[in-house]
Structure formats: structure tokens, C-alpha cells
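Here's a quick briefing to read alongside the structure. Have the coordinates open as you go.

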Amino acid sequence: KQVDFDGAFGAQCVDLFRQYCKDVLGTPHTGSVDGAKELYERYAELPVEKKYFTRLTKKAVPECGYVAVWGSTSTNKYGHVAIVVHRINASSLLVFEQNGFAQDGAKFTVRSTENLLGYLKYKGV
């Protein structure tokens, strides 16, 4: 199923993050970003995000429920965000995600930790 939390730009990865925050964590919208990477890069400027999440480096060992944030690439200037389901090993994560370019809805997939910026850990966990 596609998740379009804000009703703009179709089903984006940030939309799934926002829906996760609302439905699972019970937190409010964490602030406006131009792309997923800004959830991590602009963390200090997002007061609601700072209230509900701890920013962890990519060296942290993620647990189920952590939010993984990737940086931009040559084909995606916005980066990516997904919910960690399981750490497979140091270079792979099983995540619940939505790809805004494919618009194919939310799904479980294995994603590389290459280009990972770090994690957001819900403070209530």
C-alpha cells in the first residue's frame, strides 16, 4: 500500500516515516525537510525531532524500530529513510520502506548500509 502522509509529491519515504511516527510512536510531525537526508543532517534544527529522537552515528548497532537515514547519491539528491526491522550484518539491514521514485508502496526489503548517515532512535524505546 502507498502511504502519502502529507498528500504532496506522491508516496515518498518521508511519508512512511511520518506515518510511523504518528501511528506507531505517537509522536507529532517532526518538522519540514526538503529530503530524507535532512532528518539526520538538520537534526539540531528540528526541535520536535530532538525531543523524541536521539541521533546515533552509523557505527551504532541498530535495533528493530530505529530509523535509518541515508545521504544523497548521484541519482538521488534527497537521500532515503526507512524503519529498521533487523540488522543482518554490518553492511545490510532488513527495513520497512517506501521508495518515492518507484511509487510502489511500502514494503520490506534488504538495504545496504553504504552511504548511511546514521540512525534516529525513539527516546521512548
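This is a predicted model: local features need pLDDT of at least 70, side-chain atom pairs count only at pLDDT 80 or more; totals for chains, interfaces and linings use all residues.

**Largest pocket**
- The largest pocket holds about 640 Å³ of space.
- Its lining takes in 30 residues, and Q12, C13, V14, A36 and Y78 are the closest to the centre.
- Two elements, helix 1 (13-25) and strand 5 (106-112), each give two or more residues to that lining.
- Helix 1 has the largest share, with 4 residues.
- Sorted by class, the lining of the largest pocket comes out at 14 polar, 10 nonpolar and 6 charged residues.

**Salt bridges**
- The count comes to 4 salt bridges.
- R42 pairs with E38 at 3.1 Å, N to O, and also with E45 at 3.0 Å.
- Another of the salt bridges links D104 and K107, at 3.3 Å from N to O.
- D104 is partly exposed, with 43% relative accessibility, and K107 also falls in the partly exposed class, at 27%.
- Back to R42: shared partners tie E38, R42 and E45 into one network of salt bridges.

- N115 isn't a glycine, yet its phi is positive, at about 70°.
- You'll find N115 in the loop between strand 5 and strand 6 (116-122).
- N115 is partly exposed there, with a relative accessible area of 34%.

Methods
Residues are numbered from 1 along each chain as its sequence is written. Side-chain values use heavy atoms; hydrogens and water are left out. On a 1 Å grid over the protein atoms alone, a cavity is a set of points where a 1.4 Å probe fits but cannot get out, and a pocket is an open set with protein on both sides within 12 Å along at least five of seven lines; lining residues have an atom within 4 Å of a point. Grid points are joined across faces, edges and corners, and a volume is the space filled by probe spheres set on the points. Ala, Val, Leu, Ile, Met, Phe, Trp, Tyr, Cys and Pro count as nonpolar, Asp, Glu, Lys and Arg as charged, and the others, Gly among them, as polar. Buried means under 20% relative accessible area, exposed over 50%, partly exposed in between (1.4 Å probe, protein chains only). A salt bridge is a side-chain nitrogen of Lys or Arg within 4 Å of a carboxyl oxygen of Asp or Glu.
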